[in-house]
Amino acid sequence: MVARKLTASSFQAILASSVHDMKNSLSMLLNTFDEIASDYHPQDGNKNQRISNLQYQASRVNNDLMKLLSLYKIENDQYPLNIAKHAVADFLEEQFLRFSAIASGKGITLDVVCDEDLWWYFDASLLAGVVNDAVGNATHYCNKAIRLSAKTHDGYLLVSIEDDGEGFPEFMLDAGASAKKGIDFTSGSTGLGLYFCSIVAKMHSHEGRYGYVELDNAGELKGGRFLIYLP
Amino acid sequence: MLEKHNYSKKKFLIIEDFPEFRLSVKRMVESLGAKIIDTAMHGEDAIEKMSKRRYDYVLSDYNLGEGKDGQQVLEEGKHRGYVKSTTIYIMLTAESTLNMVMGALEYEPDGYLAKPFNKEMLINRLEKITQKKESLMNILKLIDGKKDDEALVLCDKEIDNESRIALDCLKIKGDILLKQKNFAAAYGVYDGVLDERQTLWALLGIGKALYYQEEYYDASEKFQDLIDQNQMCVEAYDWLAKCKNKLGDPLDAQTILENAVRLSPKAILRQQALGLLALENEDFAVAEKAFRHAVKLGKHSCYQRPDDSLNLVESLLVKVVPDAGISGKRAGNESLQVIKELLRKHRSDEVLKLKALVLEGETFAGLKQIKEAKTSLDKAEKIYQKLGDKAPADAAIKLANGFIKVGEEEKGRELTREIIKVYFEDDQLKDEIKNLATTAGIRAESDNLYASEEERLKDLNKKGVRFFQEGKLQEAVELFEKAAEDMPHNVSINLNAAQALIRYMEHNGKDSKMLNRSRRYLDRVKGLDKDDKRFNRYMELVKLHQSVVDSR
């Protein structure tokens, strides 16, 4: 067997350093927003809303950046997949902490439901990206409540993000169904998000089964529901 | 936010090149109640601070600008004992995709935190990792205290109880078993883990266990599996290359290392390994690049070796031939630069200076600067004479070759004769020395010299053996000790001298002066290759020497 030579790319080096810079700036943006927010009285609804919006938008940019970068690496066989055993409750708690400031600023209650003893194998970095994306979406569609939950289902880990809004519109549900089937679909941020989530799901496999994504409006909170199944 | 731990007495080090971010993290840590918080702007600064203070927590960005990165700081910190198993090292990364470390899994941080993160996330992470470390604390302290067996006992307890840290304990157990060379048991541990899931560290571990059991083919399959699952696991490439080497496929091994280096160019150990392999494969272009990287990385690394500079020059010298044109000239000038830098940094290492000056002479000769070449070689010769029996054989041979190249044939010949007298017994050098003799134009003479020296040695040994048989131990000792002073490089003579002394002492009681002398003769032979036919005799004599030491 003769080993195949990999090809290098100087674009990747530029990409890495640019991302480093952008992430630093975004981090500073977000941290500064946090500090400003803590200077305001919680009663001051308006100002809080605006700061939350700033945080939300900066967060969105950051998440899209992260998804693009990850997808680029995945497409080029350069993603260092690290499927390791994690305490799911701990994992969800961290995601909760990421969003709690933004959520409360927008008057949204964020709720986490997960068994303390649930452990599963997944790539924490990628799944965090998925949860980020789903919660970000839910923030847009919800009324006042978002629930983040996880449990086992038929030998899969099922992570759901539900909101209490009007539910996903048709085009989203269609896109979701296409994503599940693996068909190419819509463009824009929605497209990026769903594409990313379905790729992440597929990268998780075990004993011949692969992960997948579903969207429906059948959640307990009566709004939209994002589901990711990981074997 | 309820912090369950008290951070007020804990020592923190924050390593971050971006000043605003550094302050931001510092403020987050302060809000935890921590009072001792140091900061560093880059790797070297961090190492310096770590040398002066043992930190409980180190929060380091992976990217630290020029110089060492966060992973290299961790590696050096562990290497120097500044970072213990009980230290909590967290890598802050802009690229959340940096999960599977680009360096060695052996030195993994306790956690990664992807930017951007807020205060609550940092605190949450610190709490979780602190909690885990505490559960592992007893085990980790035993490991730091080199009490591996006791650590294993504790690990097994957790594993049997299927506690929260059972998987961590399995990993630790595997590591310890590998370290203790209990490869079959280590295999069992990793196999068990893999039964549940194809976990990366377990695949790596099982591969290593197989490798150390000399099952190179099976090991290579495991590593290839790993790479197929995760192209970015650089350590798997390193091991796969080692397997290929053992399987007699050095070219494949080299390609694999080249791939690994492309993924992770900053690991100096890998560049060194690639360079050496490429040199063996006579791929001087690849060797040149690898050693150039190694030299550059060496400026910031504790793994730097002056040999990297020498090897770089060796690789470049193939290009420095009289008709080579511009590329030859460039290679020559780079060589001279590298040597100059090396000589400047290592003023008191005589062996290194010898090697460097010989290469300098070769370089000048290649650049047709004969006068300068002669100067370097003369300087080298002075050091060679001073070093006596400590001068390495290959340097001597190169020196002789060098003299011949610059037209100092008589010097070259003299040196060649000396080399033969010293190394005629060394089978591995025979071909090289014969080639040297041919170049020097004294092939016939050298063959005679070989024959006469071998005769001399045979006679000497015969005489000595007769003395032994006749019980004339004193005479045997005198005979061989004189020979050992005459021919300090000669392996057999040194072994004979040591043996004579030991036999004498076995009969007449131990004597400290004799013990010292016999120790000296044995030490001269210390670097003997394991495959050398005289190696077993050397080991035997070392044992006998020790029993004389231990006797009353």
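How many residues does the contact take from chain B and from chain A? The points below begin with that contact and then turn to pairs within chain B.

1. The contact takes 46 residues from chain B and 46 residues from chain A. The coordinates come from a predicted model, and every value in this note should be read with that in mind. Between them, chain B and chain A bury about 4,300 Å², with 51% of that area on carbon and sulfur atoms.

2. Between chain B and chain A the count of residue pairs in polar contact is 9, both residues being at pLDDT 80 or more. On the side of chain B that touches chain A, at least two residues each are supplied by α1 (19-30), α4 (119-144), α9 (216-229), α10 (234-246) and α11 (250-263) of chain B. Of these contributions, the largest share comes from α11(B), with 7 residues. Sorted by residue class, the side of chain B that touches chain A divides into 15 nonpolar, 14 polar and 17 charged residues.

3. One salt bridge is formed by A:Glu94 with B:Arg125, whose closest N and O atoms are 2.8 Å apart.

4. A further salt bridge pairs B:Lys128 with A:Glu93, again with the closest N and O atoms 2.8 Å apart. Because B:Lys128 lies in helix α4 of chain B and A:Glu93 in helix α3 (residues 88-105) of chain A, this pair joins two chains. As for accessibility, B:Lys128 is partly exposed, having a relative accessible area of 24%, and A:Glu93 also counts as partly exposed, at 30% relative accessibility.

5. Within chain B, the side chains of B:Asp238 and B:Arg270 meet in a salt bridge with an N to O distance of 2.6 Å. Since B:Asp238 lies in helix α10 of chain B and B:Arg270 in helix α12 (residues 268-280) of chain B, the pair ties together parts that are 32 residues apart in sequence. B:Arg270 has a relative accessibility of 5% and therefore counts as buried, the cut-off for that class being under 20% relative accessible area.

6. B:Lys430 and B:Glu454 also form a salt bridge, and here the closest N and O atoms are 4.0 Å apart. That value deserves a careful reading, because a salt bridge is counted when the side-chain nitrogen is within 4 Å of a carboxyl oxygen. The pair links distant parts of the chain, with B:Lys430 in helix α20 (residues 427-440) of chain B and B:Glu454 in helix α21 (residues 443-469) of chain B, 24 residues apart. B:Lys430 is partly exposed, with a relative accessible area of 25%, and B:Glu454 likewise counts as partly exposed, at 33% relative accessibility.

7. Some salt bridges of chain B share partners, and in this way B:Glu410, B:Arg413, B:Glu414, B:Arg417 and B:Glu445 are joined into one network. A reader examining any of these side chains may wish to view the five residues of the network together.

8. A last point concerns B:Ser309, which has its place in helix α14 (residues 306-317) of chain B. B:Ser309 is buried, with a relative accessible area of 10%. Leaving aside residues up to four places away in sequence, B:Ser309 touches B:Val295, B:Val338 and B:Leu342.

Technical notes: Residues are numbered from 1 along each chain as its sequence is written. Chains are lettered from A and ligands numbered from 1 in the order in which they are written. This is a predicted model: local features need pLDDT of at least 70, side-chain atom pairs count only at pLDDT 80 or more; totals for chains, interfaces and linings use all residues. Side-chain values use heavy atoms; hydrogens and water are left out. Contact means heavy atoms within 4.5 Å. Buried area is the accessible area (1.4 Å probe) that two parts lose on being put together, summed over both. A polar contact is a pair of N or O atoms within 3.5 Å; within protein, one must be able to donate a hydrogen and the other to accept it, and residues adjacent in sequence count only if both atoms are side-chain atoms. Helices (H or I, at least four residues) and strands (E, at least two) are DSSP runs, numbered from the N terminus. Ala, Val, Leu, Ile, Met, Phe, Trp, Tyr, Cys and Pro count as nonpolar, Asp, Glu, Lys and Arg as charged, and the others, Gly among them, as polar. Buried means under 20% relative accessible area, exposed over 50%, partly exposed in between (1.4 Å probe, protein chains only).
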